[in-house]
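Please work through the following exercises with the sequence and the three-dimensional model at hand. Each task is followed by a worked solution.

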Amino acid sequence: MMKGGKSEVVGDSAKIHIFDLAIIDKHTNSNHGENLASVGNYVISSKVAESGMILESIRSAIGNFLRVLHGATGVAVSDEVSTSFQKFKLQQEPFKLRYFVYEIKDKKTIVIEKQGAREKTYEDLVEELPENDCRYVLIDLEFESADGRPTSKLVFIAWNPDTAKIRSKMLYSGSKEALKSALNGVGIHINATDHSELDFETAILPAVKKFT
């Protein structure tokens, strides 16, 4: 059994609880039964009659789940994302900007959806994010360090709101590592699932200051 997990058999259903897994999806349907997932708690429920089928269903469902977590979504990162990032981190034209917002287009490719001019702010960025759908964000965030020095950091934010469709959340969760690899050198990664986790003073700034 995996560390941090437990299993139980109730009647003709088998359930396995795996804790401390960073996934936000509430439920999906597959050929292996009804799979239910939430932040920090993944539940697999399979209507089966024999213990051998229970174990096989659990193994198969966990395999599918882990493949998604490790980016096996088939989503690629567009060349534009990588080339623009190289100039953005050096603040070279035409990418002397404040931020990028990325989306997954046609469930196949991560592309630049929006970009914010240098005079834009973090608050402007938050307003650009959809209320009920997922996005990725890269921002050159300016702030004061704990000792009062003006500084800046490149910050990656995965916006995966609780109100988004399950398929979208699964797709964005599973494709995040591909984008992070393309944005090589960005050391601060933040996950946000609601607006409280996007709040600059209470959520973003404290997380970023840990790296100064």
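The model is predicted, so local features need pLDDT of at least 70 and side-chain atom pairs count only at pLDDT 80 or more, while totals for chains, interfaces and linings use all residues. Residues are numbered from 1 along each chain as its sequence is written, and side-chain values use heavy atoms, with hydrogens and water left out.

**Exercise 1. Describe the span, bend and burial of helix H4.**

Step 1. Helices (H or I, at least four residues) and strands (E, at least two) are DSSP runs, numbered from the N terminus. H4 covers residues 166-182, 17 residues in total.

Step 2. From first to last C-alpha H4 reaches 25 Å, close to the expected 24 Å; the expected span is 1.5 Å times one less than the number of residues.

Step 3. A kink of about 40° is centred on Ser 175. The bend at a residue is the angle between axes fitted to the seven residues ending there and the seven starting there.

Step 4. Buried residues (under 20% relative accessible area; exposed is over 50%, partly exposed in between; 1.4 Å probe, protein chains only) of H4 include Met 170, Leu 171, Tyr 172, Ser 173, Ser 175 and Leu 179.

**Exercise 2. Locate Asn 160 and determine whether Asn 160 is buried or exposed.**

Step 1. Asn 160 is placed in the loop between strand E10 (150-159) and H4.

Step 2. With a relative accessible area of 7%, Asn 160 is buried.

Step 3. The side chain of Asn 160 makes a polar contact with that of Ser 173 at 3.0 Å. Such a contact is a pair of N or O atoms within 3.5 Å; within protein, one must be able to donate a hydrogen and the other to accept it, and residues adjacent in sequence count only if both atoms are side-chain atoms.

Step 4. Asp 133 is 27 residues from Asn 160 in sequence, and their C-alpha atoms are 7.1 Å apart.

**Exercise 3. Identify the residues of the largest nonpolar core that touch the most other members.**

Step 1. A nonpolar core is a set of buried Ala, Val, Leu, Ile, Met, Phe, Trp, Tyr and Cys residues joined through side-chain atoms within 4.5 Å.

Step 2. The largest core has 23 residues, of which Phe 100, Tyr 102, Tyr 136, Leu 138, Leu 179 and Leu 183 touch the most other members.

Step 3. Elements supplying at least two residues each to this core include helix H2 (79-88), strand E9 (135-144) and H4. The largest share, 4 residues, comes from E7.

Step 4. Apart from this core lies another, of 21 residues, among them Val 101, Ile 139, Leu 141 and Val 155.
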